[in-house]
Amino acid sequence: MEHFILRTKALIIDFIIVTLLTALVDNIIFMLLVLLKLPANTYSSIVLVIITMAYFTIFEAKTNKTIGKKVMHLYVSDIEGYMSYKKAFIRNLTKIYWIPLIFDVLIGKILNYPSRLFDKLAKTDVYADTELEVTKEEDTFEELTEDDFEELDADEI
């Protein structure tokens, strides 16, 4: 149940955004098809799949967060703190429709995974922002000056 309520709220926010984007793109495509006098009957499902997968995959691979996760102060990553497009794509396959997502969560709980089944398959999980590792800026390579390098060379002699 770790982060379950926050994750649910984040998912609702994300689905509202995906629904609005899908409606916008659907309407644009519909108007174009009507203007071109082409049949307009089965494109909506394809648009939904493309927008859903693009939204979740791109946001999570690039920033480790969707808009909903950002609002709820959550992020997604693997154990080492990284995300790839492949991992983001795999973990979001069940988000296309509600029923596969419900089974994804239930199977994850039945198998006693800390999260969803597809999180386990992608080797990812969702964490609170407070769990982020903080590094000091003074310890980074960019912060070293020429004097620091001279001191290092002097120490070796």
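This is a predicted model: local features need pLDDT of at least 70, side-chain atom pairs count only at pLDDT 80 or more; totals for chains, interfaces and linings use all residues.
User: How many aromatic pairs does a search of the whole structure find?

Analyst: The search finds five. One of them joins Tyr55 and Phe59. Their ring centres are 4.9 Å apart, with 55° between the planes.

User: Where do Tyr55 and Phe59 sit in the fold?

Analyst: Both are in helix α2 (residues 43–63). They are four residues apart, so about one helical turn separates them.

User: Are Tyr55 and Phe59 buried or partly exposed?

Analyst: Buried means under 20% relative accessible area. Tyr55 has 5%, so it counts as buried. Phe59 has 32% and is partly exposed.

User: What about the pair of Tyr75 and Tyr127?

Analyst: Their ring centres lie 5.5 Å apart and their planes meet at 35°, so this pair is tilted. Tyr75 belongs to strand β1 (residues 74–77) and Tyr127 to strand β2 (residues 125–128). The pair thus ties together parts 52 residues apart in sequence. Tyr75 is buried, at 11% relative accessible area.

User: Which residues form an aromatic cluster?

Analyst: Phe15, Tyr55, Phe56, Phe59 and Trp98 form one cluster.

User: Where is Thr66, and what does it contact?

Analyst: Thr66 is in the loop between α2 and α3 (67–71). Its relative accessibility is 1%, so Thr66 counts as buried. Beyond its neighbours within four places in sequence, Thr66 contacts Asp14, Tyr55, Phe56, Phe59 and Glu60. With Asp14, the side chains make a polar contact of 2.5 Å.

Methods:
Residues are numbered from 1 along each chain as its sequence is written. Side-chain values use heavy atoms; hydrogens and water are left out. Rings of Phe, Tyr and Trp (its six-membered ring) pair if their centres lie within 6.5 Å; planes under 30 degrees apart count as stacked, over 60 as edge-to-face and the rest as tilted. Helices (H or I, at least four residues) and strands (E, at least two) are DSSP runs, numbered from the N terminus. Buried means under 20% relative accessible area, exposed over 50%, partly exposed in between (1.4 Å probe, protein chains only). A polar contact is a pair of N or O atoms within 3.5 Å; within protein, one must be able to donate a hydrogen and the other to accept it, and residues adjacent in sequence count only if both atoms are side-chain atoms. Contact means heavy atoms within 4.5 Å.
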